[in-house]
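Welcome! Please take a moment to look over the sequence and the 3D picture, and then we will walk through a few features together.

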Amino acid sequence: MNPAVRVSVDLDRVRTRAREVVDRCGVDVLAVLKADAYGLGAAGVARALVGVVQGFYFYSLDEVRALRQVVAFDTPALVLRGDLNDVHDFLEARATPIVW
């Protein structure tokens, strides 16, 4: 990573754009937070989107656990790598494995 590069994320704009997608499409929308929200910062993005999107999508159960420690959310947490954990791990983390 180049230390001279700086990225600024306008979380208000993220929230506004997500609200527009939900309102225009009229369907449930999930936000992808895997890989730290693709480097944007999963905690900040999740806080901006709580109450707007209907759930969050993660790569691993560890990502769900880490986010639940810093952000309160009751929406579904869907996990792509469901094969790496026991069903009890998912129940404890309040997450749903995805089969693919």
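## Buried or exposed?

A residue is called buried when its relative accessible area is under 20%, exposed when that value is over 50%, and partly exposed in between. Keep in mind that this is a predicted model.

Asp36 has a relative accessible area of 44%, so Asp36 is partly exposed.

Now go back to helix α2, where you will find Asp36 and Ala37. Asp36 is not a glycine, yet its phi is positive, at about 55°. Ala37 is not a glycine either, and it too has a positive phi of about 55°.

## How two helices pack

In general, two packed helices are described by the angle between their axes and the distance between the axes. What are these values for α1 and α3? Helix α1 covers residues 11–25, and it packs against α3 at an angle of about 45°, with the axes 9 Å apart. Because of that angle, α1 is oblique to α3. The crossing of α1 past α3 is right-handed.

Which residues make the nonpolar surface patch of about 300 Å²? They are Val5, Val7 and Leu40. You can find Leu40 in the loop between α2 (34–38) and α3 (42–49). With a relative accessible area of 45%, Leu40 is partly exposed.

Methods. Residues are numbered from 1 along each chain as its sequence is written. This is a predicted model: local features need pLDDT of at least 70, side-chain atom pairs count only at pLDDT 80 or more; totals for chains, interfaces and linings use all residues. Side-chain values use heavy atoms; hydrogens and water are left out. Patches are made of residues with over 30% relative accessible area and no salt bridge: like charges are joined within 9 Å, nonpolar side chains (Val, Leu, Ile, Met, Phe, Trp, Tyr) within 5 Å. Accessible areas come from the Shrake-Rupley method with a 1.4 Å probe; for residues, only the protein chains shown count as cover. A salt bridge is a side-chain nitrogen of Lys or Arg within 4 Å of a carboxyl oxygen of Asp or Glu. Helices (H or I, at least four residues) and strands (E, at least two) are DSSP runs, numbered from the N terminus. Buried means under 20% relative accessible area, exposed over 50%, partly exposed in between (1.4 Å probe, protein chains only). Axes are lines fitted to C-alpha atoms, for helices over the stretch in contact, and angles run from 0 to 180 degrees between N-to-C directions. Angles under 35 degrees count as roughly parallel, over 145 as roughly antiparallel, 65 to 115 as roughly perpendicular and the rest as oblique. A crossing is left-handed if the near helix is turned anticlockwise from the far one by less than a right angle, and right-handed if clockwise.
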